[in-house]
Each structure stands twice: as structure tokens, then as C-alpha cells.
Amino acid sequence: SYAYMVYDCLVESDHQGNYEPALAESWSVADDNMTWTFNLRKGVKFQNGQDFTSADVVCSFQRVLDDPTCNMYIDHWSELESVTAIDDYTVEIKTKEPFALFLASVGWTWIIPHEAYEEYGSDLFTEHRDIQCGTGPWKLIEYNEGQNWVVAKNTECWKPNESYYDEVEFRALNEAATAVSA
């Protein structure tokens, strides 16, 4: 999915069980193991020019709380209780009980721009894909359902995109014979 290229999460996994800062520069957990505080990276912009702030994190996690049919909720967030902005660059996330997969779940929750989601709701991910934007190393520039999608390098990303390519096209090849001939 293009989402892995376009959106960032608060933390990233090194796939060996360690978590590294991404949109969150640092985090801490309270003694109850249910209250997590994230200190957000400053100076990050979404691909539409909007500043990244705690409002975007609250929107992204509140979306999961408000829609129990959301895939992220089903797969990762059965224990999510609340998300609160402490200030523009600090967020508190609470779980219902200690949750061993908490950082893994945070690392799978894409941060979306709150203004676009407030305007379009879930239609942002269906009818309005053309305006989707994240903070990631690639920008979605074209999406054709079931056919292809195209991403271009985000040269203003907060982290360097060291790809040799400026643009990448992905094609959906649903039939084995088509895939082999391609």
C-alpha cells in the first residue's frame, strides 16, 4: 500500500523489537504502564504545507476510537482508551490496561492531517485520495483503484529520502499470467 510510503507514525520499528523516534522525538510511560507521553518533533510539515502538531496525533488516534470497524482498531487498538493534547507538541495516550504491544501499535498508526480529516472524514480515504498527504518520504500523486498508484519523492521530508528514484509507479497485477508477462 502507498500509505507506508506517504504517512509516518510516532515511532518506527527496527524489526528486532526495538523502537526508534519518528514523529515523536521521545516518549515515556507512567508507572501504571497505561499512560504514555509523547514529545513530538517540531518543524515537521505535511506534504500540503500544514504544520504537524498534537492536533494531528489526537485526530489520528481519535479516528480509531470513534470507528471500531477501522482496521487499525481491530488489529492494534482493542485497549486504547484516550488521547489528549497536552500542548502543541506533547500528547498523552492512555490504554485500558497495560498493553504489551503498545509501541508496536503506535508504530502502525499513521498520522493524518487533522484539517483534511475534519473536512472529509472517511471519504478522505476513498473519494478524496487525490488530496491525501502525510509527512512521509513520498507523496501520492496518482491513484487509480485496482490499477496503479504513483508516488514522487518528498524533497521536503523531515527525514532524508535517499532513493535514487524521483518517482515510482506501482501496478496492480491481479492475474498470475499478467504478472508473469509483465
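Biologist: What makes Asp51 count as buried, partly exposed or exposed?

Modeller: Asp51 has 42% relative accessibility, so it counts as partly exposed. Buried means under 20% relative accessible area, exposed over 50%, and partly exposed in between (1.4 Å probe, protein chains only). Two notes on the source: this is a predicted model, where local features need pLDDT of at least 70 and side-chain atom pairs count only at pLDDT 80 or more, while totals for chains, interfaces and linings use all residues. Residues are numbered from 1 along each chain as its sequence is written, and side-chain values use heavy atoms, with hydrogens and water left out.

Biologist: Why is the contact between Lys45 and Asp51 called a salt bridge?

Modeller: The closest N and O atoms of Lys45 and Asp51 are 2.4 Å apart. A salt bridge is a side-chain nitrogen of Lys or Arg within 4 Å of a carboxyl oxygen of Asp or Glu, so the pair qualifies. Lys45 is partly exposed, at 44% relative accessibility.

Biologist: How many salt bridges does the structure hold?

Modeller: Five. One of them joins Glu12 to Lys159, with the closest N and O atoms 2.6 Å apart. Glu12 sits in strand β1 (residues 11-13) and Lys159 in the loop between β8 and β9, so this pair ties together parts that are 147 residues apart in sequence. Helices (H or I, at least four residues) and strands (E, at least two) are DSSP runs, numbered from the N terminus. Glu12 is partly exposed at 27%, and Lys159 is partly exposed at 21%. Asp8 belongs to a salt-bridge network with Glu12 and Lys159.

Biologist: What makes Glu169 and Arg171 a salt bridge?

Modeller: Their side chains meet at 3.5 Å, N to O. The limit is 4 Å, so the pair counts. Arg171 is exposed, with 61% relative accessibility. Glu169 is partly exposed, with 41%.

Biologist: How do you know that β7 and β8 pair?

Modeller: Six bridges join strand β7 (residues 138-144) to β8, and the two run antiparallel. Two strands pair if DSSP finds at least two bridges between them, so six is enough. Glu142 has Val150 in β8 as its bridge partner. The hairpin of β7 and β8 has three residues between the strands, and Gly146 there takes a positive phi near 75°.

Biologist: What joins β8 to β9?

Modeller: Five bridges, again with antiparallel strands. Strand β9 covers residues 167-171. Val168 in β9 is the bridge partner of Val151. Together the strands make an open sheet of three, in the order β7-β8-β9.

Biologist: Why are β7 and β9 called edge strands?

Modeller: Each pairs on one side only. As for β8 (residues 148-153), five of its six residues are buried, so the strand is largely enclosed by the rest of the structure.

Biologist: How do you know that Ser60 is buried?

Modeller: Its relative accessible area is 1%, and the buried class is under 20%, so Ser60 is buried. Ser60 is placed in helix α2 (residues 54-66). Leaving out residues up to four places away in sequence, Ser60 touches Trp110, Ile111 and Ile112. Here contact means heavy atoms within 4.5 Å.

Biologist: Which residues touch the most other members of the largest nonpolar core?

Modeller: Leu10, Phe38, Phe61, Ile93 and Phe102, in a core of 24 residues. A nonpolar core is a set of buried Ala, Val, Leu, Ile, Met, Phe, Trp, Tyr and Cys residues joined through side-chain atoms within 4.5 Å. The elements that give two or more residues to this core are β4 (35-40), α2, β5 (80-87), β6 (90-95) and α4 (102-106). A second, separate core of 14 residues includes Ala3, Met5, Ile112 and Val151.

Biologist: Where is Asn33, and what is its phi?

Modeller: Asn33 is in the loop between β3 (24-29) and β4. Its phi is positive, near 60°. Asn33 has 41% relative accessibility, so it is partly exposed.
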